[in-house]
Amino acid sequence: MVTSYEATLEELSVHRIGNKIQNEFYSLSAQPLQLEDETLRGFLMQYFLTPFEKENEIYRLMHSSGDLNLNELFHFSSEIFNESTKFHEVSGSITKHLFDISNHPKIKSGELYIARFKDLQLEGEMVDALGIFKSETKEPYLTVSPGQDGFIVSYEENGININKLDKGCLIFNIEKDQGYKVMVIDQTNRTDAAYWKDEFLKLRIRNDNFNKTSNTLNVCKSFITGKIDDDFDISKADKIDLLNKSLKYFKDNDSFNIDEFAEEVIGNPRAIESFKSYTKEYNNEFDAGLEESFDISSAAVKKQARVFKSILKLDKNFHIYIHGNKELIEKGFDEDKSMNFYKVYFSEEQ
């Protein structure tokens, strides 16, 4: 998580970038933006930095060859951190680089903001940072002002909502030899937008406790909701029970141990063997950095809990939320109706 109470926006350059596949081009500004209006400066700080206040994932810049200097953003960032007078010149190079890799027809054109910040707080340290932000979504806005006989209503057709940053990243001037610390925002969530993280920035996850916790929970969920069907005949209610037990383990413990987790949550010896085998295969295939023991990150658990669904969906008529004791729900089959049913036990309605 990053905080910006003491931060200052030192310099800002704004350029425009089009989609090369659509025969659009880019346009570079001749000089940095002159920020004399403090209200505007405050709005820009809110627009750029607020989305990062709830982010916990830290990335690194990388290159597939292992040579960091071949990562364009590592090179450009280092230039600016080493000599801030080159800021505007290098911001143009960053814009050209983004234009060159924008090779998907659905990538939207928009403004590219490149900013230099001083004294952002990251993980307890005051750090300078380079920010790169792209606005793609435009919205209409109404403005109301007093007139001679009442009020005048006008509009801005292509305004930018400062509460909705489309894409952004912060590259912090710390741990250069490891690819800097990087935070990223990408609100589009489309496969065609993977260019921001993968092609433009070339990022890898920092393998800290947050990511170890998050990745391990993902593996648990993937195993329970998918892989376990290959070896066992298991009901959806039992799957939900395993999901609930998995999440409870991570909420109740300060550290993860794969043997303890397997015994406490999975229980069945054959299923334990299948789970451990699946974990190794997943780790090898995705280079997930999974470990057999680590300290659990409560922030990662809280984030992952949102996608651990405990809902049993029955046709289009009923949804059953299973939060606790699975023994209080029984599945059966009604011969007369030729339909499945669930019997649910409870003490009182709420």
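Colleague: What should I know before reading the values?
Modeller: The model is predicted, so local features need pLDDT of at least 70 and side-chain atom pairs count only at pLDDT 80 or more, while totals for chains, interfaces and linings use all residues. Residues are numbered from 1 along each chain as its sequence is written, and side-chain values use heavy atoms, with hydrogens and water left out.

Colleague: How many salt bridges are there?
Modeller: The count comes to 22, taking a salt bridge as a side-chain nitrogen of Lys or Arg within 4 Å of a carboxyl oxygen of Asp or Glu.

Colleague: Which residue does Arg16 pair with?
Modeller: Arg16 meets Glu111 in a salt bridge at 2.7 Å, N to O. This pair links distant parts of the chain, with Arg16 in strand E2 and Glu111 in strand E5, 95 residues apart; strands are DSSP runs (E, at least two residues), numbered from the N terminus.

Colleague: Is Glu111 buried or exposed?
Modeller: Glu111 is buried, because its relative accessible area is 18%, whereas Arg16 is partly exposed at 37% (buried is under 20%, exposed over 50%, partly exposed in between, with a 1.4 Å probe and protein chains only).

Colleague: Changing topic, which residues make the nonpolar patch?
Modeller: Leu142, Val144, Phe151, Val153 and Tyr155 make a nonpolar surface patch of about 650 Å², where patch residues have over 30% relative accessible area and no salt bridge, and nonpolar side chains are joined within 5 Å. Strand E8 gives the most, with three residues.

Notes
Patches are made of residues with over 30% relative accessible area and no salt bridge: like charges are joined within 9 Å, nonpolar side chains (Val, Leu, Ile, Met, Phe, Trp, Tyr) within 5 Å. Accessible areas come from the Shrake-Rupley method with a 1.4 Å probe; for residues, only the protein chains shown count as cover. Helices (H or I, at least four residues) and strands (E, at least two) are DSSP runs, numbered from the N terminus.
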